[in-house]
Amino acid sequence: MDNNKKNKILFLVNGLGMGNSTRCYSIIERLAENGMEIDVMTSANGLFFFSDKKEINRIIKINEFYYAKEKSGKLNVLRTILSLFDFIRIYVANNRLVKKYLKEERPSAVVIDSQYIFWPMISQKIPIIALNNSDIVVKSFFKMKNKPLSIAPQFFLIEFMDYLFHLLVPTKVISPVLGKFGSENRKFIHVPSIARKNCKREIHKENIKNVVIMLSGSAFGSQVNLEGESFPFHIDVIGRTGKSSGKVTFHGKILDNMDIIKRADVLVVNAGFSAVSEGVYMGKPMAVIPIENHAEQYINAKTVEELGLGIITKAEEIPSAIREVISNIGSFRSSHKSYPFAGDGSEKACRVITDIVNSQSR
């Protein structure tokens, strides 16, 4: 007898930064409108992000994975690998939490985003749907010329292994894509950029009035130093604390940043895929800062640059990067206008998940 709860979906979300949570919430909004009941298992920044979301039925805390870093704050791939035993301990503990939840709740499907628990779902014959574009990352890495050698260790030890996991384990993989869609297979389903429901595509035409610096909530998020700088427009800084003065306002970590982002003429963001995707979706010229030694973030930033939608830069170069984007604002706005916009990826992702859930009841 099938005891699955037909309208219940579990989202298993990595909470290291806020990008995974933002992307998942974009889809959760649509699923809730379609009558789905949503539970979320997450950690750290994910717990903060989902704490006020009314579409969530239940939030369950899990143990947090992490990347090791150097004293300078840079990603340390070797130390991350050497933390394997600690990762195993965390994985086993989270595996138990998921197994217990599935036995009690029996959801119709589990959506994973940068989480790698799978055996409880397989043993209970519950579909696994992943949000992951590792197929694009792998293809882009091997295609890209003149890439820095510093991203190779992280690519082969983490990103490529991520691709193999998603190629072999989930039932389906929803893979968001920037630019034109490439080839896909039965496992990876390409969708346009995923953005929250209240994102609006609006390419500004007026003079620069607002610049928004929105930095990652993870341990590797870039710092911002605007001391001694003077700009003829307002700057909002999201995700960092500091002394607000004159034309600079520090907002710290906030739950709803959309109203601030909407008024941005230029965005400065770390190169997590969610932040970049929403910037592209909304038509915002960008300065994108990849985490050093991180292959996926470098590829995300380089893709934005190659599409003519912004530039790739470094944290210590934020003031000069803002000036560079503004000095070429007409070109960037023109590129955003001609970008092959294919609509909202969240809606297509919602349809993929809903079809799998509905197939469980047949």
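Mentor: Arginine 106 sits in the loop that joins helix H4 (84-105) to strand E4 (107-113); helices (H or I, at least four residues) and strands (E, at least two) are DSSP runs numbered from the N terminus. The model is predicted, so local features need pLDDT of at least 70 and side-chain atom pairs pLDDT 80 or more, while totals for chains, interfaces and linings use all residues. Residues are numbered from 1 along each chain as its sequence is written, and side-chain values use heavy atoms, with hydrogens and water left out.

The phi of arginine 106 is near 50°, a positive value in a residue other than glycine. Most residues other than glycine have a negative phi. Asparagine 146, in the loop between helix H6 (134-143) and helix H7 (152-168), also has a positive phi, near 55°. Its relative accessible area is 77%, so asparagine 146 is exposed (buried means under 20%, exposed over 50%, partly exposed in between, with a 1.4 Å probe and protein chains only).

Another loop, between helix H8 (258-262) and strand E11 (266-270), holds aspartate 265. Aspartate 265 is buried because its relative accessibility is 2%. Its side chain makes a polar contact of 2.8 Å with the side chain of histidine 204 (a pair of N or O atoms within 3.5 Å; within protein, one must be able to donate a hydrogen and the other to accept it, and residues adjacent in sequence count only if both atoms are side-chain atoms). A polar atom of the aspartate 265 side chain also lies 2.7 Å from the backbone nitrogen of lysine 209. Beyond neighbours within four places in sequence, aspartate 265 is in contact (heavy atoms within 4.5 Å) with residues including Glu206, Pro285, Ile329 and Arg333.

Turning to helix packing, the axes of helix H1 (residues 19-33) and helix H9 (residues 273-282) come within 7 Å and cross at roughly 50° (axes are lines fitted to C-alpha atoms, for helices over the stretch in contact, and angles run from 0 to 180 degrees between N-to-C directions). The contact involves Gly19, Asn20, Thr22, Arg23 and Ser26 of H1, and Phe273, Ser274 and Glu278 of H9.

As for the cysteines, the structure holds zero disulfides (a disulfide is a pair of cysteine sulfur atoms within 2.5 Å). Cysteine 199 is in no disulfide, and the nearest cysteine sulfur, that of cysteine 24, is 15 Å away. Cysteine 199 is buried, at 4% relative accessible area.
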